[in-house]
Amino acid sequence: LYIQSSDARFNHILKRSFDIFFSAIIIFFILSWLIPVIAILIKLDSVGPVFFLQKRNKKNGKVFTCIKFRSMFVNNDADLVPAEENDERITRTGRYLRKTHFDELPQFFNVLWGDMSVVGLRPHMISDNLRYEECVDHYADRLNVRPGITGLAQVMGYAGHVEDIDEIKSRVRMDNFYIRHWSLKLDAIILYTTIIKAIH
């Protein structure tokens with residue numbers, strides 16, 4: 001995010017400090033016991049690794065390895081073709097993980113390592129970034145900030161499979177609004193809304 005003053009720099013330090021604190025809490029008190037449980041369910045349901053590792057873009061377009069629980073059968077198109085709602089590649093356990101967004105929980109390790117933030121812009125597949133940069137105005141602006149586990153677009157309903165170009169344009173408008181109006185208060189509202197949606 002853009003740093004324009006000493007106050008802004010201080011806010012960014014607070015944001016990073018919160019990311020470290022919050023992700024550490026999730027990892028030690030939730031993922032420490034939840035990972036083995038989900039790992040067993042994934043292994044009983046299909047053959048393959050517990051985690052799905054995918055290269056995605058982070059701040060300044062650099063590449064990092066995004067960690068998720070594997071929700072699909074192992075296939076050669078996983079890095080090129082996004083999963084659709086009734087995608088036959090999704091396993092039974094994977095459908096539950098995607099519905100509850102539990103498949104995203106390992107990304108708290110990405111947050112702890114500094115690749116992502118708790119609140120930011122959802123990192124898209126590299127193939128999607130290359131495609132949308134060509135046809136969506138200001139799409140590349142989203143690479144000026146650290147990606148997040150949740151974000152404004154997601155709490156506003158822009159999540160999951162993209163049906164058409166107009167949908168990604170709406171999502172990018174939400175992303176760019178977040179970039180321009182970022183504040184710790186906005187992050188708190190987004191995180192609170194995400195938690196409320198998750199428990200309902």
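Predicted model: local features only at pLDDT ≥ 70, side-chain atom pairs only at ≥ 80, totals over all residues.

Me: What joins the side chains of Arg 122 and Glu 104?

Reply: A polar contact of 2.9 Å. The term asks for a pair of N or O atoms within 3.5 Å; within protein, one must be able to donate a hydrogen and the other to accept it, and residues adjacent in sequence count only if both atoms are side-chain atoms. Residues are numbered from 1 along each chain as its sequence is written, and side-chain values use heavy atoms, with hydrogens and water left out.

Me: Why is the pair Arg 122 and Glu 104 also called a salt bridge?

Reply: A salt bridge needs a side-chain nitrogen of Lys or Arg within 4 Å of a carboxyl oxygen of Asp or Glu. Here the closest N and O atoms are 2.9 Å apart, so the pair qualifies. Arg 122 sits in the loop between β3 and α4, Glu 104 in the loop between α2 and α3, so the bridge ties together parts 18 residues apart in sequence. Helices (H or I, at least four residues) and strands (E, at least two) are DSSP runs, numbered from the N terminus.

Me: What makes Arg 122 buried?

Reply: Its relative accessibility is 9%. Buried means under 20% relative accessible area, exposed over 50%, partly exposed in between (1.4 Å probe, protein chains only). So Arg 122 counts as buried.

Me: Which label does His 138 get, buried or exposed?

Reply: Exposed, because its relative accessibility is 56%. His 138 lies in the loop between α4 and β4. It has a positive phi of about 65° although it is not a glycine. Most residues other than glycine have a negative phi.

Me: How many disulfides does a search of the whole structure find?

Reply: It finds 0. A disulfide would be a pair of cysteine sulfur atoms within 2.5 Å.

Me: What makes Glu 167 and Arg 171 a salt bridge?

Reply: Their closest N and O atoms are 3.8 Å apart, so they meet the cut-off. Being 4 residues apart in helix α6, they are separated by about one helical turn.
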